[in-house]
Amino acid sequence: MTKRFNTTGACSPVKHYMVDLTSRLEAIKAMVENGDYFTISRARQYGKTTTLRALASFLRDDYEVVSLDFQRLDSEAYSNTPSFVAAFSAAILRTCKNFPHGIQERLLSFSEEPEKNVSMQRLFQVLEDWCAASDRPVVMLIDEVDTATNNQIFMDFLAQLRAAYLDRDITPAFQSVILAGVYDVRNIKRKIRPDEEQKVSSPWNIAAKFTIDMNFSADEISGMIDRYEADYSTGMSVKQIADLIYDYTSGYPVLVSGLCKMMDEDLVSMGLFPDRKAVWTLEGVKAAVNILISEQNDLFDSLFDKLEQYPEMKEKIYMILFRGQPIPYNPDDPATKLLQMFGFVRNDNGFMQIANRIFETRIYNCFLMTTESTNTEIFRLGVQEKNQFVKNGLLDMDKLLRKFIEYFDDIYGDQSLKFAEDDGRRYFMLFLKPVINGTGNYYVEARTRNLKQTDLIIDYLGNQYIVELKLWRGNAYNERGEKQLAEYLDYYHLKKGYMLSFCFNKNKKIGLKEVKIGDRLIVEAVV
């Protein structure tokens, strides 16, 4: 069977190219051996189902594993307790084949007659008896718990699990219970009684923290691609390709697999590359990134639905991206919790950063391509003039900056300093966007994003251009910026870079000039 890269549903090592999950599974098994109850709470398409299925196999030599999927329980299952007990019992009977004497029959009686007055307590008495009679400790895995949240029946179920956990030194209980979903069960606001206000309930406050990193590391990506290379012998530099994929995705599982799948299946058929050998190069990765950022898919649709649903998240994202405002990571802030839960941000040395470059560029595009933004004069001029900025497949950044200076000064030259902080960068991106749209992309170097400067990295047909965007704060500050930009050019192995300064002094001198820093050339533009 020919293996493929997979982006839909759970991955199978028999059918799909996958990263090696062994170290992750061993870490989770250590939590199971410790008797922990916990939630694997991660954003959409983060490999939760794949991990749970692999974990079930990984544990079966030592444990009796009950592996359930609450997505298979319909809404009727949560209408009342007997219905839930019936559906839950039926799910166990479908999944498990080996039961101690009498357990299967008791579960079967629950599943066949949901109209009986069956309590949650009676269900858990059977589960307790099962754990007592089992030859091996019983571990329960439940996927897609999001489908069960926000209702009293599920709260009662969790409360029983919690009670069993607290009494397990007296009465038999599951060795470990693992729930998986996007929402952290401990943090969901729900109405416990119809006449009460929404509040946070804590029936799952016995849960251990799950801190295992589920992002793919560059080495793990390299291992996956190495297995692909063994099958196809493209001659690629595996480590170089894996490192670049990691740079764009920060190891977000579905983005990693999505780029690899596109390179394997689409780029040749689209006529962008002649064969596999040409695809599995740095240029191939960048081409796949450009396509992925531009396409419509369920993950991006879900992300932007969440931004519209939670305006407080959208405001924080805007502050990070366009205002360059460092926002401390505060685990007690509701908006921060939501941003991390949905996969938008990560904690980077105590400050929030956008989770990966692909999300960042897509979010930039979302903010920029609003009706309000595309109706601005600077955007219309970018559309109108875009053809003159590309020569022989190269982006003519000198000419683009010169034209931007001219147009920006005409339109916004008399604005205040506050305008520069909030809007200057956005207007340059609005001018740039139609020029590179469909062919190139850009992202912001997170290490330099602050109130004073931003390094914009532009990818266009395999070439990179670095543009430092900053406010003019005097000659001394500018000279330090030149040296810093020269260092970034060295890091990116480039000889030429660009500096765009927004200056609102009355005596400013707008225009372009060239500055040599060692063997690096910096083109400075002042508006």
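Please keep in mind that the model is predicted.

Let's start with strand β16, which covers residues 520–526. Is this strand buried or exposed? Seven of its seven residues are buried, so β16 is largely enclosed by the rest of the structure. You can see that on both faces: R520, I522, E524 and V526 are buried on one side, and L521, V523 and A525 are buried on the other.

Now, which strands pair with β16? One is β14, residues 496–502, which pairs with β16 in the parallel sense over six bridges. There, K496 sits opposite L521. Another is β15, residues 511–517, which runs antiparallel to β16 and is joined to it by seven bridges. In that pairing, I517 has R520 as its bridge partner. β15 and β16 make a hairpin with two residues between them, and G518 in the turn has a positive phi of about 65°.

Let's move on to the helices. Helix α3, residues 81–95, packs against helix α5, residues 120–133, at an angle of about 25°, and their axes are 9 Å apart. Because of that angle, α3 counts as roughly parallel to α5. Who makes the contact? From α3 come T81, F84, V85, F88, S89 and I92, and from α5 come M120, L123, L127 and W130. By class, that contact has eight nonpolar residues, two polar ones and no charged ones.

Terms used. Residues numbered from 1 in each chain as written. Predicted model: local features only at pLDDT ≥ 70, side-chain atom pairs only at ≥ 80, totals over all residues. Heavy atoms only, no water. Buried < 20%, exposed > 50% of the residue type's maximum accessible area, 1.4 Å probe, protein only. Helix = DSSP H or I, 4+ residues; strand = E, 2+ residues; numbered from the N terminus. Pairing = 2+ DSSP bridges. Axes fitted to C-alpha atoms, helices over the stretch in contact; angles between N-to-C directions. Parallel < 35°, antiparallel > 145°, perpendicular 65-115°, else oblique. Contact = heavy atoms within 4.5 Å. Nonpolar A, V, L, I, M, F, W, Y, C, P; charged D, E, K, R; others polar.
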